[in-house]
Amino acid sequence: MLTRRRLLTATAAAAATALAPRRLWAASTLTLGGTRIDTLSDGSLVLPGDFILGGMPQDEMQAIVAKYRLPTDQLTPPCNVTLLRDGTNTVLFDVGAGPDFQPSAGKLMEAFDAIGLTVDDITHVLFTHAHPDHLWGLLDDFDEPLFPNAEYMIGQAEFDYWTNPDTVASIGEARATFAVGAARRLAAIAETVRLLADGEKPLPGIAARLTPGHTPGHLAYEIAGPTPVMVLGDCIGNHHVAFERPEWESGSDQDKALAAGTRTALLDRLATEGHAIIGYHLPGGGIGRVERADIGYRFSEDI
């Protein structure tokens, strides 16, 4: 049985200010038999709206975004790091942004403190892709891997792309720092990282699924169970236009056309097969389901 509960673990963003906003760290939990899945907040991003919405049919796009009571000039998507514990393994899917990307992100260690977890507890780290908000939390202050007991895994195609010296020159000026940062961090685990192929099982009950376009070798992870769970990463990157108009190309994707095709096919599959999903930038901790709508799909937080 798949069950879900909300956690109340929260911390004041500024303890000295009585009216400071409170950040919910362990936002949601799924239980699949003896396996527990938590989503932990790494904070949020602050992005210009055009980074995601640029190039879309503007009138229709603005109507969709307004329906979700969001602005179009700036978006602040949450960052949900997935934690799986099955009694033997303690697995992180991505590691957050760390301290060097945006001040609003890189809060994963505060989330660890809130639930009594330490970096030594992590046995495996599975990366969806190597963008800063997913990878840059890999290293500690001494440029050593932050999780000393973990085995690290990433897609073969993803690793090859970011460690290719030609990538920094070909990725475009706006993302050149992404390439430099990814190469430096992946170099720290290059001798021990396990490289995954599409369909490979990094751990029992978990299968890697190639979902390219957002990045060349992006992986989602399918967790087996009576109700399977798909850890999406960024192959479905928001709960508004990505669901309602998955065929629209998004500025956040490196190969926009490929990403739109991946997103369209994946949403159809998830809605048809009834998977639970965990989205890195979806609201409410990111846990929910895909439902068909009159036009496209909708994200439902009901499990």
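**Burial, packing and pairing**

Reader: Why is Thr90 called buried?
Author: Thr90 has a relative accessible area of 13%. Buried means under 20% relative accessible area, exposed over 50% and partly exposed in between, with a 1.4 Å probe and protein chains only, so Thr90, at 13%, is buried. The model is predicted: local features need pLDDT of at least 70, side-chain atom pairs count only at pLDDT 80 or more, and totals for chains, interfaces and linings use all residues. Residues are numbered from 1 along each chain as its sequence is written, and side-chain values use heavy atoms, with hydrogens and water left out.

Reader: Where is Thr90, and what is it in contact with?
Author: Thr90 is in strand β9, residues 90-93. Helices (H or I, at least four residues) and strands (E, at least two) are DSSP runs, numbered from the N terminus. Contact means heavy atoms within 4.5 Å. Apart from neighbours within four places in sequence, the contacts of Thr90 include Leu83, Leu117 and His124.

Reader: What makes Leu146 count as buried?
Author: The relative accessibility of Leu146 is 19%, and it therefore counts as buried. Leu146 lies in the loop between α4 (132-135) and β11 (151-155). Not counting residues up to four places away in sequence, Leu146 touches Met109, Val119 and Tyr152, among others. Leu146 and Val95 are 51 residues apart in sequence and 9.4 Å apart in space, C-alpha to C-alpha.

Reader: Why does Thr215 count as buried?
Author: Thr215 has 1% relative accessibility and so counts as buried. Thr215 is in the loop between β13 and β14. Beyond its neighbours within four places in sequence, Thr215 is in contact with His129, His131, Glu158, Trp162 and Gln254.

Reader: Why are α5 and α7 called roughly perpendicular?
Author: Helix α5 (residues 156-163) and helix α7 (residues 176-187) pack at about 115°, with their axes 8 Å apart. Axes are lines fitted to C-alpha atoms, for helices over the stretch in contact, and angles run from 0 to 180 degrees between N-to-C directions. Angles under 35 degrees count as roughly parallel, over 145 as roughly antiparallel, 65 to 115 as roughly perpendicular and the rest as oblique. The two helices are therefore roughly perpendicular to each other.

Reader: Which residues of α5 and α7 meet?
Author: In α5, Phe159, Trp162 and Thr163 meet Phe178, Ala179, Ala182, Ala183 and Leu186 in α7. The residues of this contact divide into seven nonpolar, one polar and no charged. Here Ala, Val, Leu, Ile, Met, Phe, Trp, Tyr, Cys and Pro count as nonpolar, Asp, Glu, Lys and Arg as charged, and the others, Gly among them, as polar.

Reader: How do you know that β13 and β18 stand at the edges?
Author: Six strands form an open sheet of mixed pairing, in the order β13-β14-β15-β16-β17-β18. β13 (206-210) and β18 (297-300) each have a single partner strand, so one side of each is left without a neighbour in the sheet. Two strands pair if DSSP finds at least two bridges between them. Five bridges join β13 to β14 (residues 219-223), and these strands run antiparallel. Three bridges join β14 to β15, also antiparallel.

Reader: What makes β14 largely enclosed?
Author: Five of the five residues of β14 are buried, so β14 is largely enclosed by the rest of the structure. Leu219, Tyr221 and Ile223 point one way from β14, while Ala220 and Glu222 point the other way. In a regular strand the side chains alternate between the two faces of the sheet.
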